[in-house]
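Morning, everyone. Please take a look at the structure on the screen, and we will walk through it piece by piece.

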Amino acid sequence: MDAANPLCRCLLLVAGLAVIGCQSDKGTQVARGQFPQTADPVAPVAPPAPITPPAPITPVAGTPVSPGVPATADPLGPIAPTRPADLPIVVPAVSGGPIMGSPVPAGAKGDIQKTAAVGGTKGGVPDLLRTSDPRIKIVAIIGANNVITDQEIIEAVYQQYRELAALEGTARTAKQKQMYEQVLRKTIERELVLDEMYAKLKKANKMNVIDEIKEAATQTTNRQMRAIRTETGAKSDEEFAAVLRAQGLTVEVIRRQLERQMMAEQYISSALREKVHRAGLGEIRDYYDRYPDQFQAPDRVKWQHLFVAMKNYKTPEDAQKQATALWQQASNGADFGQLAMKFDEGIAKQQKGFGTGEKRNEIQPIDVESTVWSLKPGQTSGLIQTPTGYHIVKVVERDYAGVQPFDSAVQNKIREKLTKTIMDAEYKKLVDDLWRKNSVRIFPD
């Protein structure tokens, strides 16, 4: 994680990477961490007890993982993931309680069990944990056999590298622990949502809807994976996988994160649609009147700049003559932007004729700032002489400090804010209810 991370920049393009999916080792059957390879694409599958786990899968040169083709017959099916070399293989603990900072909400009434009870259930995940020799640590179990692994959570933390890069020592360790627990909670919530989706749609005999949601998520993920690969500059699937491995990441886990998160979000959006009303004009106006401080606009200006450098002329008079000729053209209605693109001898030419800075104390060079703020939109300055040459500026747009008008842009902004607030509240109610109704077991470090 301390290595340079060229991938984190492109991972920021993907909104779903902060919340991740589940996976487990493969045997004759699978403890479901993702979608099992059964007729029911997201149905829980009871794990065997015991199983002999295979060696971790390491991508081999010449065996590409195509961004457009699932790694298995079922793109959301379980894959034994590659564990970063610096992370030890850990057997899950079988005693103790939820981890410190457990993501279980206060007041949850569901079957949130301690791992001391691991051996108490026959033929399920507890027996698997007690009797097998897993290669990847299981950190949470949802319901009877939906497992979340340590690697998945760690990879999600790796994807938020920038939040850790500036920290060192105990501060870095504490932040990493906090991020781990936050991601674990979100992952559990996502899996609770997906289990709820499956149960409700199966009960309603709408398995075709599950297939449609899954297919849409797969297609979207294929596009996003291709975009991520392009952003990394990888020329092949093998090179892309190698770039990810260098960051402690894997193609399979990233793909699964995206697919499952998109499925959960689609279900949540559908489930909450009827509960979220569209804010009316009265509500929007009331919000605008109650919180005017949120709609304060600073002074802002968009301006064009033309500079004649004295060093480029034999005499100061020659420089002034050139500047005067350009000023006369601008004053007579010539396109100022085109004049700047053709004749500017500073940096405005590289900025398509525009000056540097839009707010107070940001205008550069400082010699022209007072003039810029004194002009109205459409006005052109006179010659501004400085020790290095002559400047001509023109104001294109001007916003004056004060409360933004109650126009359509502000109304849309308020409507989006009110809708998000309602959506967040309804989502919290939904997941809190799922926590209460379902069994969630979290294993300590």
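Let's start with one pair of residues. Valine 308 has tyrosine 390, in strand β6, as its bridge partner. A word on names: helices (H or I, at least four residues) and strands (E, at least two) are DSSP runs, numbered from the N terminus. Two strands count as paired if DSSP finds at least two bridges between them.

Before going on, some ground rules. This is a predicted model, where local features need a pLDDT of at least 70 and side-chain atom pairs count only at pLDDT 80 or more, while totals for chains, interfaces and linings use all residues. Residues are numbered from 1 along each chain as its sequence is written, and side-chain values use heavy atoms, with hydrogens and water left out.

What is pLDDT? It is the predictor's confidence in each residue, from 0 to 100. The protein averages 75, and 69% of the residues score at least 70. Over residues 1-130 the pLDDT is below 50, and this stretch has 339 contacts in the model beyond near neighbours in sequence. Contact means heavy atoms within 4.5 Å. Where pLDDT is low, the predicted coordinates should not be read in detail.

Now the overall picture. The protein has 13 helices and eight strands. Of its 445 residues, 47% count as buried. Buried means under 20% relative accessible area, exposed means over 50%, and partly exposed lies in between (1.4 Å probe, protein chains only). Take the contacts between residues at least 6 apart in sequence: 73% of them join residues at least 24 apart.

Which strands make it up, and in what order? The order is β4-β6-β5, an open sheet of three strands with antiparallel pairing. Why is one side of β4 and of β5 left without a neighbour in the sheet? Both stand at the edges, each with a single partner strand, so one side of each has no neighbour there. Neighbouring strands are turned by 30° against each other on average, direction ignored.

Helix α10 (residues 316-331) packs on this sheet and touches β4 and β6; its direction makes about 30° with that of β6. Helix α11 (residues 336-343) packs on the sheet too, touching β4 and β6, and its direction makes about 40° with that of β4. For such angles, axes are lines fitted to C-alpha atoms, for helices over the stretch in contact, and angles run from 0 to 180 degrees between N-to-C directions.

Now the pairings. Strand β4 (residues 300-309) and strand β6 (residues 389-399) run antiparallel over 10 bridges. Glutamine 304 has lysine 394 in β6 as its bridge partner. Alanine 309 stands opposite glycine 389 in β6. Strand β5 (residues 384-386) pairs with β6 over three bridges, also in the antiparallel sense. There, isoleucine 384 faces histidine 391. The hairpin that joins β5 to β6 passes through two residues. Is β4 enclosed or open? Eight of its 10 residues are buried, so β4 is largely enclosed by the rest of the structure.

On to a second sheet. Its order is β2-β1-β8, again open, with three strands and antiparallel pairing. At its edges stand β2 and β8 (440-442), each with a single partner strand, so one side of each lacks a neighbour in the sheet. Neighbouring strands here are turned by 15° on average, direction ignored. β1 and β2 pair over four antiparallel bridges. Among the facing residues, isoleucine 142 stands opposite asparagine 146 in β2. Helix α3 packs on this sheet, touching β1 and β2, at about 50° to the direction of β2. Helix α5 packs there as well, touching β1, β2 and β8, at about 30° to the direction of β1.

Stay with α3. How many of its residues are buried? Nine of the nine, residues 150-158, so α3 is largely enclosed by the rest of the structure. Its cover includes β1 (138-142), β2 (146-149), α4 (161-165), α5 (169-203) and α8 (251-272).

Last stop, helix α6. It has 26 residues (207-232), and at 1.5 Å a residue it should span 38 Å; its end C-alpha atoms are 37 Å apart, which agrees. That expected span is 1.5 Å times one less than the number of residues. Among the buried residues of α6 are Met207, Ile210, Lys214 and Ile228. Just after α6, glycine 233 takes a positive phi of about 85°.
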